[in-house]
Structure formats: C-alpha cells, structure tokens
Amino acid sequence: MKKRILCWVLSVLLAVTVLPARALAEDEPLKTSEAGIEMIKRFEGFSPRPMVDGSQWSIGYGNACDPADYPYGITEEEADQLLRESLAYFEDSVDRYIELYGVELNQAQYDAVVSVTYNLGVAWINSSYRFWSHLRSGVENFSDNQIASALGVWCHVGTAVSPSLLQRRIQESLLFLYGDYDGSAGESFCYLVFDPAGGEVDTDVMLYKTGGTYEEFPAAEREGYYFAGWYDAPEGGERILAWDTVARSGYAYARWSAKPVAEPVRPDSPDVPNPPVVPVDPDPPAARYPDVKETDWYYPYVDALTEAGVISGYTDGRYRAEEPVTTGQALKLILLAAGYPEQPPVSTHWASGYRSFALQRQFVFDGELGGLDEPITRGLMAKLAAQALGADLGGEASVFYDTDSAYVMALYRLGILEGSIDAATGNRMYYPDHTTTRGEIAKVVWTIYNR
C-alpha cells in the first residue's frame, strides 16, 4: 500500500487544529533522521520512471504521481528531494497526533512511526488499531511481542499476507523497539500466519521475538466446535504451545473438536503430578515368573513393578518379556507412572478411558494410535511418555543415529531411555519403528516412577 494524496490533505487539515509535537523535553520537534530516510529508501526502491503501483502511479521512492508530469523520468537526486518534501507532510501528521495525545517518542521510534505512515498513510492513527492504542497507553505497558504484532498486522495486499510487507513491519519493529535501522543489532522477529480452518480469529498475523516464547496466540472461534489448538501443519504435525521457543517463521493451523479439549499442562506447572517411587529391591527374592531369570537385564524392573502391583504376568504364569506391549497396556502403564489417575472405560475396551484421556490432553493424536490391542512402536511410546511428563523437548542434535525425534531425546536427557550401541558401527541406535517389548516398557515405567 503506497501513499495517497488524500493523506497529505488530511495532514494539512490537521494543521489548523493542533500545534507541532516536540521530542521528549527538547525545544525542536523531531524530524526523520538520515538513517530513517535511508531505511525508507531501501524498502521503497528507486524507480526512475512512472510505474503502476497498485491502483496508482508512482515514481522515485514511492511518491504518487501523474505520469504526464514526468515524461523524461526522474534522477535519484530529484527523487530524494521529492521524498523529503513528501516526508514533511507525513511528519506533520505524526507530530500533531502525538502532541495532541501526549505521546513521547525517541528518534528511532519517531523514524519507525514515520516509515509506517509513509507506507500506509494516516488511516492507522485510529484508536481502533492496536499500535496506536499502545502508543497512547504507553508502550512500556506492553511486551515486545505485543508491540511488534500490533505493527505486523499491516502486511496485507487485499486479504493476502505480503511477505515483503511483513519484512518491512519486522524491520520497523526492530527500529521502534531496539533502535536497529538495518537488522544488525542482533535481535530478530519471526512471524506466524494463522489459518483458522473454517473458524474466525481476531488477527491472522503475529510477530514473536526469536529465541523467546510465543506467550499468546489470537483468539479463535468456530460455531458448533471447540478450539483444540494451533498446529504447524494442516494435518498431523505438532501443536504450537505458548511456552515453545520461537525459532522460525511459518503458518499455524487451527484444529477443532466436537467435544471440549483439555488444555495442555506447562512442564513447570504444579499441576504436573509427582508420581510415587517404586524402589528396586536390592536383595530380590527368587524370580516371580518362570521365563524371567535373575540374569536378564529387565529382571529388576519387572520384579519391582510386580511387587508394587503395577504389572502382572499372563494367566499361564509367564511374563513374556520379549513380546510386544499393546497400545492399551502402554497407555495405562505410562499414564499411571506419570502420576495421572486411573481412567474408567468409556467403551467396551478396558483401556478406552486411557486412550480418551491421552487424546484429550493431546499427548498423542487419534491418527497416530493404532488399535488398543495392537503393538505400539518405540517412537510413539517415546512421544506418549515425553508428553505425559511435560518433558522439555529442547533443541539440541540427537545422539541417536537412526532418529532425530525430540521426544526420544527428551527421555534420553531424563535418563528414561538410552538406546543401544550397534556392535558393528558403534552408533547409538533407538529403532523407533520397532515395537516396544514388555521388558522394555518395564524399564521405562520403573524409571518414570523413580525419576
């Protein structure tokens, strides 16, 4: 969106009502600095001849024009002069509004506001828009993310988000917040473009400081549905949580549910239960199962959990440690070990309540889970355990040769799993696509109880 002649007229009309603004306690009003002018030039680009810019003609550094007035084009020196003359009008508008409402700006903030006004016109100076409302209320009352997001919404061409306008709003945010004219100060912002997937949002773009956390998301509504969170893919993908670390720009897609969805629990929340300790007996009795020997690596875990009444064998007396654990068994064992209460069945299957609980808490998704009597993979088991524990997913490189799963690494850091070393290559392996055995789940569950 470029400047409009109407904006100039409005600024002239405003001149008859209020006095020019002052810079903090200085005697002279602020003017756009040379650094601010150079930044505007970089974003506008130079056009030596009239060109169609949206619904109007422009020339030089984005100045509206009648092409008949420039049959031979314009030089950079002439364009610079034209830009400075135009800026005087927009500076006048900014001056009078901030003086009228007692808004105080430093030089960098002033340059950022003039850049926005030169690009958008004065229409944004309206109490219904968040950035102007934040200025009037005092920017110190808002987070950096809130200030940047209030600027970032002005990034559309029609209804479509313009990446180039988003980059301009990001640079103007850096200038306003940190005095950074060229992106060299070491701070940066990422953006999320929100797709409500049939619903409605109060804003479709928000900016977030890189390396920080998301803090908040737009409010989302859809008639007849419950909001189930923002995800990084239209289907599947991972949920984007308020405490996640901001690392890159992208899209966020709304999910909707026909039933209420439980809110995820922060990893540091007191609501995350503290499970009881199940000790390993240092002097265990004879093996409880004929197929579990004291020399087996999983023996102490199976024995301790059996003693505590957490697990049991089959009706024939055997434990069958090498057999796959079912999805239903894994759900119950991991959720109880993590401290969550027993879940009564919600259908004919004994484990249906645990499945429903895990889905409501969004530890896993419905499409990931197979049948409750089918084996669960080691990869999905790791995700279920990490999510149920509210584990920090971190961001460091995986120590495993065959997976870069953040869930597997989270459990590795907690000492819940360690994988195995391939004898031929020396690589640490996890085998995420293999099924989880009953011996393996015993160690995982015991370690969760005793973490």
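The questions below concern a helix, the cysteines and a pocket.

Tutor: This is a predicted model, in which local features need pLDDT of at least 70, side-chain atom pairs count only at pLDDT 80 or more, and totals for chains, interfaces and linings use all residues. Residues are numbered from 1 along each chain as its sequence is written, and side-chain values use heavy atoms, with hydrogens and water left out.

Student: How do you know that the span of helix α4 agrees with its number of residues?

Tutor: A helix is a DSSP run of H or I with at least four residues, numbered from the N terminus. The expected span is 1.5 Å times one less than the number of residues. For the 14 residues of α4 (residues 107-120) that gives 20 Å, and the end C-alpha atoms are 20 Å apart, so the two agree.

Student: What comes after α4?

Tutor: Gly121 follows α4, with a positive phi near 90°.

Student: Why is Cys65 called buried?

Tutor: Buried means under 20% relative accessible area, exposed over 50%, and partly exposed in between (1.4 Å probe, protein chains only). Cys65 has 16% relative accessibility, so Cys65 counts as buried. Cys190 is buried too, because its relative accessible area is 7%. In α4, 13 of the 14 residues are buried.

Student: How many disulfides are there?

Tutor: A disulfide is a pair of cysteine sulfur atoms within 2.5 Å. By that rule the count is zero.

Student: What classes make up the lining of the largest pocket?

Tutor: The lining has 21 nonpolar, eight polar and eight charged residues. Ala, Val, Leu, Ile, Met, Phe, Trp, Tyr, Cys and Pro count as nonpolar, Asp, Glu, Lys and Arg as charged, and the others, Gly among them, as polar.

Methods
Helices (H or I, at least four residues) and strands (E, at least two) are DSSP runs, numbered from the N terminus.
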